[in-house]
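Biologist: Could you walk me through this structure slowly, from the overall layout down to single residues?

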Amino acid sequence: MIGFVAQDPIFEVLASGTSLMSLRIGSTPRRYDREIGQWRDDDPMFLTVTCWRTLADNLQSCELQRGDPIIVTGKLRIREYVKDGQKRFSAQIEATTVGHDLSRGVARFQRAQRSAFPEDRREADDMADRWLEADLDEDAEELTTQITDKSENIDDTDEDGDTPPFRAAA
């Protein structure tokens, strides 16, 4: 959808830690009326747009304002509800992308930083390594015990009473 920001966006972080931005966008389609020889505005259409996680965080950083021309892509959902005894419909878009409409102005792109800092990544790797080392030590000790128990019950002597030089353990 191509339109404009109709109301200032609302940003929040849910109890689960997930970022959410909700905004209303409007679009007023125009068509050329041959009878009067002029462009006419059709009825305006307003939709609610929901943006999740990284998209919500990035939109919060770019400070969208009421009146900004934007382009939104995503999944269109039509919701039915009853108000004042009458059946009504509400159109919503779950956005996958949102951007300024560059046919109406200019914008400066800035790449977003990854969520984890190098120190956080190192700390996470250290914790994972400790977890792996603990399990490997326990697994190795258990495997050694099993092999020792089995080897004590195995008679390796052949018919002549000799022990072979090499024995494979399972």
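This is a predicted model: local features need pLDDT of at least 70, side-chain atom pairs count only at pLDDT 80 or more; totals for chains, interfaces and linings use all residues.

Biologist: OK, how many helices and strands does the protein chain have?

Modeller: The protein chain has 2 helices and 8 strands, where helices (H or I, at least four residues) and strands (E, at least two) are DSSP runs numbered from the N terminus. Read along the sequence, the pattern is β-β-β-β-β-β-α-β-β-α.

Biologist: And what percentage of the residues count as buried?

Modeller: Of the 170 residues in the protein chain, 18% count as buried; buried means under 20% relative accessible area, exposed means over 50%, and partly exposed lies in between, with a 1.4 Å probe and protein chains only. The accessible surface comes to about 14,100 Å², and 48% of that belongs to carbon and sulfur atoms, with areas taken from the Shrake-Rupley method with a 1.4 Å probe, and for residues only the protein chains shown count as cover.

Biologist: Switching to charges, how many salt bridges are there?

Modeller: The structure holds 6 salt bridges, each being a side-chain nitrogen of Lys or Arg within 4 Å of a carboxyl oxygen of Asp or Glu. One of them joins the side chains of Asp41 and Arg30 at 2.7 Å, N to O. That pair links distant parts of the chain, with Asp41 in strand β5 (residues 38-41) and Arg30 in strand β4 (residues 30-33), 11 residues apart.

Biologist: Is Arg30 buried or exposed?

Modeller: Arg30 is exposed, because its relative accessible area is 52%.

Biologist: Which other pairs can you show me?

Modeller: Arg31 and Asp42 also meet through their side chains, at 3.2 Å from N to O, and this pair again links distant parts of the chain, 11 residues apart, with Arg31 in strand β4 and Asp42 in the loop between β5 and β6 (45-52). Arg31 is partly exposed at 38%, and Asp42 is partly exposed at 32%. A further salt bridge joins the side chains of Arg40 and Asp33 at 3.1 Å, N to O; Arg40 is partly exposed, with a relative accessible area of 39%, whereas Asp33 is buried at 9%.

Biologist: New topic: which residues lie nearest the centre of the largest pocket?

Modeller: The largest pocket is lined by 26 residues, and Asn58, Leu59, Cys62, Phe109 and Gln110 lie nearest its centre. The elements that give two or more residues to this lining are α1 (53-62) and β8 (86-100), and α1 provides the largest share, 7 residues.

Notes. Residues are numbered from 1 along each chain as its sequence is written. Side-chain values use heavy atoms; hydrogens and water are left out. On a 1 Å grid over the protein atoms alone, a cavity is a set of points where a 1.4 Å probe fits but cannot get out, and a pocket is an open set with protein on both sides within 12 Å along at least five of seven lines; lining residues have an atom within 4 Å of a point.
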